[in-house]
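Dear colleague,

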Amino acid sequence: MTSPAPSPGTGQLLVEQPGPLALLQDLGRPGQAHLGVSPSGAADRSAHRLANRLVGNPEDAVTIEVTLGGLVLRAGATTFVAVTGAPTQLRLSGRLTGSHCTLALRPGDRLAVEPPARGLRSYVAVRGGLLAPAVLGSCSRDVLSGLGPDPLRAGDVLAVGHAAGPLPDTDVAPTGPPPPTLRLLPGPRRDWFDDDAWPRLLGTGWTVATELDRVAVRLQGPRLERRVRSELPSEGLVRGAVQVPASGAPLIFLADHPVTGGYPVIAVLTERSCDAAAQLRPGDTVRFHA
Amino acid sequence: MTRRLLGYGESAVLLECADLAEALSLVAPARALPAVTEVVPGARTLLLRLSAPLTAADRERLLGLPGSPPADGSGEVHRITVVYDGDDLADVAELTGLTPEEVVAAHTGQTWTVGFCGFAPGFGYLFGEHDRLRVPRRRTPRTRVPAGAVGLADAWTGAYPRSGPGGWQLIGRTDVALWDLRRQPPAVFQPGGRVRFEVAGP
């Protein structure tokens with residue numbers, strides 16, 4: 001048995017276990033495209049914002065984006081925490097409790113985020129926000145470029161900022177079921193595809209492939225065929241763009257999308273549907289509607 | 001080709017232009033519109049990120065404004081030293097009908113301008129003064145291109161700030177740190193910047 005890790009001091013949290021992937025995120029670093037830098041930020045922005053509101057933080061405070069649970073934190077001081085995103089169970093010093101509410105942690109309390117039964121990403125907000133070195137104005141980890149703080153590791157000690165605003169009056173924010181379908185708008189290159197492509201995009205139950213990350217969700221299903229065969233000169237991309245590379249299998253770009261791309265974008269998700277796309281996990285069936 | 005404004009989701013539009021020069025000439029007018037929060041140039045487009053929908057007057061302006069003439073090429077010229085020993089130099093020679101020495105001379109003998117950035121932090125798409133080095137991308141992209149690799153694709157040249165996948169024809173490598181967060185600005189290649197490549201000394 002290894003010796004116990006040093007206790008975090010006041011205003012600190014100890015990461016006992018990070019789980020499969022735990023990253024610091026805020027609302028990203030928009031406005032850096034001229035450097036070839038993606039906006040990044042929390043993949044599920046509404047969940048990130050809600051977590052912050054539940055602990056009385058400004059919405060752009062730094063949270064921990066947790067993929068498939070597994071995160072275990074130990075509090076150094078009395079701390080208010082909220083976990084949102086994929087609905088999941090939490091263990092607060094061994095006691096089972098639910099996500100989507102404001103929790104009070106006493107010094108030494110241990111908080112464990114269980115793997116969610118559905119959905120992918122949880123957001124852990126701490127009252128006062130988490131402090132980390134900013135890169136180009138943001139503490140977000142961009143997995144495509146590697147900009148931002150490193151993924152969390154066991155033994156990391158996170159500094160907590162000072163609380164600004166009041167705690168909210170309501171400390172519970174129940175979450176409903178995910179939307180059955182994701183909403184699309186026609187993309188700038190819809191006319192690059194043949195007449196079957198749009199009905200096929202809307203009419204298929206797409207399977208989410210194993211290879212997904214913060215850059216993109218890849219979908220498996222029928223090929224979307226092009227009418228225009230020439231190469232597309234590189235053009236800007238946005239979060240939620242549904243791009244069809246040479247393989248004919250569409251992908252949905254998420255927060256860490258590249259600044260420009262050379263394959264046609266047939267559709268774009270609405271903002272709310274982008275947040276829902278950030279909760280897709282391998283094997284899920286996803287359908288679109290216009 | 002006439003300019004078009006293409007819908008791009010709830011918070012953006014794509015302005016498609018005849019070519020890169022026209023697109024770049026519209027960056028400043030586009031940026032000046034109140035609803036535009038960011039302009040992201042591409043090879044012949046401008047992606048406009050919006051805080052509100054464009055007004056009809058905005059749209060008319062973007063579609064009708066004559067492009068402003070290109071800048072007169074004032075400003076610093078970055079000198080990038082290159083060792084021209086890239087794996088694809090021979091292929092580029094064959095594709096262009098030049099000898100490898102003539103490829104190097106064509107690369108170093110013109111001033112290149114950064115059209116736009118994308119793909120990765122610090123990665124610039126540079127256009128030159130003529131078309132003699134126009135080559136297609138590699139049929140099969142490499143899974144790993146070394147950091148500093150200098151390449152060609154279409155009529156662009158560029159250099160990879162760090163190692164990663166890449167499909168351009170590699171003609172050399174540079175030691176210049178193209179991306180460095182400790183520096184302000186962190187990217188050597190910024191839109192509008194001018195560059196000349198030089199054969200690295202012994």
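A polar contact is taken here as a pair of N or O atoms within 3.5 Å; within protein, one atom must be able to donate a hydrogen and the other to accept it, and residues adjacent in sequence count only if both atoms are side-chain atoms. By that rule, eleven residue pairs are in polar contact across the interface of chain A and chain B, both residues being at pLDDT 80 or more.

Please keep in mind that this is a predicted model, in which local features need pLDDT of at least 70 and side-chain atom pairs count only at pLDDT 80 or more, while totals for chains, interfaces and linings use all residues. Residues are numbered from 1 along each chain as its sequence is written, chains are lettered from A and ligands numbered from 1 in the order in which they are written, and side-chain values use heavy atoms, with hydrogens and water left out.

The interface

With contact meaning heavy atoms within 4.5 Å, chain A brings 38 residues and chain B brings 36 residues. The area buried between them is about 2700 Å², of which 57% comes from carbon and sulfur atoms; buried area is the accessible area (1.4 Å probe) that two parts lose on being put together, summed over both. A:Leu35, A:Pro188 and A:Ser234 supply 19% of the area that chain A buries against chain B, more than any other three residues.

The rule for salt bridges (a side-chain nitrogen of Lys or Arg within 4 Å of a carboxyl oxygen of Asp or Glu) finds three across this interface. In one salt bridge, the side chains of A:Glu231 and B:Arg137 meet at 3.2 Å, N to O.

The sheet in chain B

Strands (E, at least two residues) and helices (H or I, at least four) are DSSP runs numbered from the N terminus, and two strands pair if DSSP finds at least two bridges between them. In chain B, four strands form an open antiparallel sheet in the order S1-S2-S4-S3, with S1 (4–7) and S3 (36–41) as the edge strands, each pairing on one side only. Four bridges join S1(B) to the antiparallel strand S2 (residues 12–16) of chain B, and B:Leu5 has B:Leu15 in S2(B) as its bridge partner.

The barrel in chain A

Seven strands of chain A close into a barrel in the order S13-S20-S17-S18-S15-S14-S21, with mixed pairing. Within chain A, S17 (residues 241–243) and S18 (residues 251–253) run antiparallel and are joined by two bridges, and A:Gln243 stands opposite A:Leu251 in S18(A).
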